[in-house]
Amino acid sequence: MLPLAAILTQAQLGGRPATSLSAEQRARLGAMFDAHHDLVWRVLRRFAFNEAQADDGAQQVFLVALGRLDALQRDKERAFLCATALMVARKWRSTPRREQLTEELPETESSSRPDEEAELRRQRAVLDRILAKMDDDLRSVFVLQEIEGLSKRETADALGIPQGTVATRLRRARVAFDELLREDLGDHRP
Amino acid sequence: MSARTPRELEELRQRLLTAARAERPDADRARARRDAVLDGTAAPTDLEPPPFPAGSRRWRRAAAVALGALALLLAWWLLTRGEAPATVRPGPVVPEVPSQPMAPVDAGAALALADPAVEPDAAAEAGPAPAAPAPLDAGTATRPRRPASPPAEDPDLLAKELALLDEARGHLKADPKATLATLARHAREFPRGALRGEAELVKLEALLALGQQQEAQRLAARLIAADREGLVRERVKRLLARPPQ
């Protein structure tokens, strides 16, 4: 297995080693991880990362955050982490396919019943199939705001665009999503 | 197949979104990643942070720097009070003079470098500031007094210093010589500035960009020697390991 980390990293650290963190900084990073890791992981999943790749990608995101811990305002954490996740996704997609060999992990055990879990997986597959067909600008806004519930301001911060542009893109993204969903229903009934 | 009504479509959409929101990473794997990040055992990353609203970040950084400067001042005061009148005043940090004591990033190293008369051990003791410093011995009584004037602690001054440093950094890619010139200006305008340590790192980048390897190596050695807490060591090594642009 060639983990994403091996592709995205070199022997160099953007910030500082975690061992040099003060207790307070370490506590903050831990709290940030606990609060937002799932969000970051899901954002990566919506950009076509399999589960193992999302594990690696999310770790990259928090390593980048580690290097900017002092400069990062607490109310901007989610936006910063999502911006970093999108950057990781872009970098990942620009990596030649032959290097993207990260293996799929065994399916995660879930507390849901097997049939429920299977249905959720099927629905997510439909969703990801539709997202993959969306323009990147619309997809980013749709994933962050419509799916993950970031505020308009957080989405604007994460994407580096004005809030008005976020609203416009979200409207267009919803229209595009519905069109693609209708199109998808012709072959795949969710 | 008949077309779905808008309501049906909306319900479908919501089901898909709900399924996405319900997805979670494996808890054990997530915990392992968390530990790796916090323990420093995770593979390092060379990813630069994404563009992000910079204005607020600058002030956040300035505030952090102000706190650092205050800590430095406290350590300085604890170490120097009760000393003899000044006989030698250490010169300001001028990056162009390699033999000059450089600006360190931590309090202990700062004292050791700012004043050659301060023994490294004494400087190290300044790290965790004692509540009541031990009485000075005969050796310390003969030490020259360091200037009482504090480094820049005024937020405005810090902001100005930060802006100058940002300007220097901004020249790095296109014109490293301009970076050095700006850093020289920084050294003149903020001889005891709180960001001298960071300025030295920027200078190291500029020297490497200009291919001035010997000068860069000398500076790197000084930075590492001054880095008692290992805060700078990794950055220095990373810069030295970076392939020529």
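Which residue just after H7(A) takes a positive phi? Gly160(A) does, with a phi of about 70°.

The model behind these views is predicted: local features need pLDDT of at least 70, side-chain atom pairs count only at pLDDT 80 or more, and totals for chains, interfaces and linings use all residues; side-chain values use heavy atoms, with hydrogens and water left out. Residues are numbered from 1 along each chain as its sequence is written, while chains are lettered from A and ligands numbered from 1 in the order in which they are written.

**View 1. Chain A, overall.** Chain A has eight helices and zero strands. Helices (H or I, at least four residues) and strands (E, at least two) are DSSP runs, numbered from the N terminus. Along the sequence the pattern reads α-α-α-α-α-α-α-α. Of the 190 residues of chain A, 56% count as buried. Buried means under 20% relative accessible area, exposed over 50%, and partly exposed in between (1.4 Å probe, protein chains only). Among contacts in chain A between residues at least 6 apart in sequence, 73% join residues at least 24 apart. Contact means heavy atoms within 4.5 Å.

**View 2. Confidence along chain A.** The average pLDDT of chain A is 83, and 79% of the residues score at least 70. pLDDT is the predictor's confidence in each residue, from 0 to 100. Where pLDDT is low, the predicted coordinates should not be read in detail.

View 3. H7(A) spans residues 152-159. Its buried residues are Glu154(A), Thr155(A), Ala156(A), Asp157(A) and Ala158(A). What covers them includes helix H4 (77-94), H6 and helix H8 (163-185) of chain A. Gly160(A), with its positive phi, comes just after H7(A). Pro162(A) lies in the loop between H7 and H8 of chain A. Pro162(A) is exposed, with a relative accessible area of 53%. The C-alpha atoms of Pro162(A) and Lys152(A) are separated by 9.3 Å; the two residues are ten apart along the chain.

**View 4. H2 of chain A against H2 of chain B.** Two packed helices are described by the angle between their axes and the distance between the axes. Here the axes of H2(A) (residues 23-45) and H2(B) (residues 27-39) come within 11 Å and cross at roughly 145°. Axes are lines fitted to C-alpha atoms, for helices over the stretch in contact, and angles run from 0 to 180 degrees between N-to-C directions. The crossing of H2(A) and H2(B) is right-handed. A crossing is left-handed if the near helix is turned anticlockwise from the far one by less than a right angle, and right-handed if clockwise. From H2(A), the contact residues include Arg26(A), Phe33(A), Asp34(A) and Trp41(A). From H2(B), they include Arg29(B), Arg33(B), Val37(B) and Asp39(B). By class, this contact of H2(A) with H2(B) has seven nonpolar, two polar and six charged residues. Ala, Val, Leu, Ile, Met, Phe, Trp, Tyr, Cys and Pro count as nonpolar, Asp, Glu, Lys and Arg as charged, and the others, Gly among them, as polar.

**View 5. Chain B, overall.** Chain B comes to eleven helices and zero strands. Buried residues make up 44% of its 245 residues. Chain B averages a pLDDT of 69, and 60% of the residues score at least 70.

**View 6. H9 and H10 of chain B.** H9(B) (residues 196-209) and H10(B) (residues 213-226) pack at about 155°, with their axes 8 Å apart. They are therefore roughly antiparallel to each other; angles over 145 degrees count as such, under 35 as roughly parallel, 65 to 115 as roughly perpendicular and the rest as oblique. The crossing of H9(B) and H10(B) is left-handed. Among the residues that meet are Leu201(B), Leu204(B) and Leu208(B) in H9(B), and Ala216(B), Leu219(B) and Leu223(B) in H10(B).
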